[in-house]
Amino acid sequence: MKRDASQFGRRIIVSTLTLALSVCLGWYQYRGPAPLAADTPVDQPSAARMRATLVELLGDPPQKHTTGTAAGEAFLERLEQKFDSYGVSTRRIEIPFEPERQDRHPKGRIDLLPPDTVLKNLWVTIEGSDPSLAPILVATHHDSCRWGPGAGDAGSAVVALVEHIRVLANSPPVHTTHYLFTDGEEFGLLGAYAIAAQDSLPFPTPMFVLNFDARGSSGGIPMFETHSGNHAWVSVLIDDLARPKITSSLAVTVYRTLPNATDFNAWHGKLGLPGFNYAVIGGAHRYHQMDDTPDNLSDRTLQHMAAHLFSMHRAVDRLPADVVQRVQQASTQPDADNAVFFDLYGLTVIHFSERVQQVLALIAVVLIGVVCLRLRQRHPWRRLPRHVLNTLLAVLVGLVVGLAIRFALLTTPWHALKYTPIDLPLGLFTIAASFLAATFLLEWLMSRASTKEFDLVSDWIWLVTAVLGTALAFLLPGGGYLLVLPSLAYGLVRSVTANVNLAAWSGWLVAMVLAGPLLVLLVQALGPWRQPMYAVLASLLAVLAMTTWSTQIRKKARPIPKNRPRLARGDA
């Protein structure tokens, strides 16, 4: 029995709109919070106050403040004067740059350092009400790159720390809090690694680190990196991210493919400290450019940076002593588990351990596998190779679209840039165009498939999804949830009902809730020149969406023709 064409078309439209709605909602939510004005109560962070501080520190017009230069020293002095006005004392940790004492000094960049450079790190301490407790470390870098004034990178983080210090100076925390403004970060994390290379830290070992940086000038700020063995800390802290709560355990994997690095490499990688790492990633076309100025820095970004710091510091500071002890013990075990976590449109964060994800992945494979085996005699398996070829053709068509868009971008004046002003809209356009191209091809290829055949294809597509999700759960656990949870939803519904369409929609909706916002983050993180990758991902989503097109149609009784002669009683 063939499927009804009009109902088929409606299902395609609905599945496409579901993806579009999820992406648009993620884009909207990830803009960052509404900025607060200068008359905001003094115990709350204000983007307007932070902007005024940033202009004061950078000067008018804004000036570069590179390591080892007079401008860099002038910026540091203005920062010290700001803290003096709050009644907070500052100390410098000055360390002459000596490559032989550091195990990280990137070649090429350090050759541009002025001769006999002294790394001038600034250290600020707010004493806690209980000095016996381990301190909290909050860190960023104060130097700018050699090409621009660095309003975003990392002036946005500097003024967030300044705003936090202003508040804590009048309302001390429970834990002593140390603030480090490192020097030489733009030359290869030199200041942070110089401190880490000392015989001992200038203060007791921190219980937790909050590191802030920037690779852009707009949008909400994700928490994109944590330490290894993080499940215990994530369980007690992750939902205290400021809204929008932008985060994903997949971000760590993506981040490690990029050439960027932050001081968190020293705090966690060198010293082994637990912590969270935050960074601006929107508006990356201003990263390390002359136009990285206060005028081009988003107020939403400033507000979100400070909101993250205020919210997370409060959460760490108020952890009960027994909870801290339990978390530290769990985190230092040799087999300490990592967390799988992701936000739902910035509203809340879901988290569980990698072991739980592995169990869920195996359950999904078993549930869908049993269904496929149970129905093996009822469906025409011999047609499966044709549908595998259809899937490959859909991915190929999507890839061609992505390559064409990338080629078109290469013909623009932006062809030589690392990041462009249209990175996000162009990336999302690539996803939309590739998804639609793959969808229409699949519609044409599957137009003559019967409902029974479509049901078979749906079961097998989701079984492959579950198998791939299981592989990711063991090999790339940070991103395994993207396949594990949708396939689990499909398997649970499919195991209790014969309605394949209901199961497919269950899996598809879960996939959209997870993938829509993450596509926004992915495009912001990777920028241009990755259109083929976006296109392949969109094509694979089109294959999953195809499973929702199946429908059950009752076979209508064939009417008896009016002119058909009636049989006489007893006629054979």
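**Figure 1. Lys 82 is buried, with a relative accessible area of 14% (buried means under 20%, exposed over 50% and partly exposed in between, with a 1.4 Å probe and protein chains only).** In this predicted model, local features need pLDDT of at least 70 and side-chain atom pairs count only at pLDDT 80 or more, while totals for chains, interfaces and linings use all residues. Residues are numbered from 1 along each chain as its sequence is written, and side-chain values use heavy atoms, with hydrogens and water left out. Lys 82 forms a salt bridge with Glu 56, their closest N and O atoms being 3.1 Å apart (a salt bridge is a side-chain nitrogen of Lys or Arg within 4 Å of a carboxyl oxygen of Asp or Glu). Because Lys 82 lies in helix α3 (residues 70-85) and Glu 56 in helix α2, the pair ties together parts that are 26 residues apart in sequence (helices are DSSP runs of H or I of at least four residues, strands are E runs of at least two, and both are numbered from the N terminus). Glu 56 is partly exposed, at 43% relative accessible area.

**Figure 2. Arg 51 and Asp 299 meet through their side chains in a salt bridge of 2.8 Å, N to O.** The pair links distant parts of the chain, with Arg 51 in helix α2 (residues 47-58) and Asp 299 in helix α9 (residues 299-317), 248 residues apart. Asp 299 counts as partly exposed at 30% relative accessibility.

**Figure 3. Asp 337 and Arg 355 form a salt bridge whose closest N and O atoms are 3.3 Å apart.** Asp 337 lies in the loop between α10 (321-331) and β8, and Arg 355 in helix α11 (residues 354-374), so the pair ties together parts that are 18 residues apart in sequence. Asp 337 is buried, with a relative accessible area of 14%, whereas Arg 355 is partly exposed at 44%.

**Figure 4. The largest cavity has a volume of about 70 Å³.** A cavity is a set of points on a 1 Å grid over the protein atoms alone where a 1.4 Å probe fits but cannot get out, and lining residues have an atom within 4 Å of a point; grid points are joined across faces, edges and corners, and the volume is the space filled by probe spheres set on them. The lining includes Tyr 30, Phe 342, Asp 343 and Leu 514, and its largest share, five residues, comes from α16.

Terms used. On a 1 Å grid over the protein atoms alone, a cavity is a set of points where a 1.4 Å probe fits but cannot get out, and a pocket is an open set with protein on both sides within 12 Å along at least five of seven lines; lining residues have an atom within 4 Å of a point.
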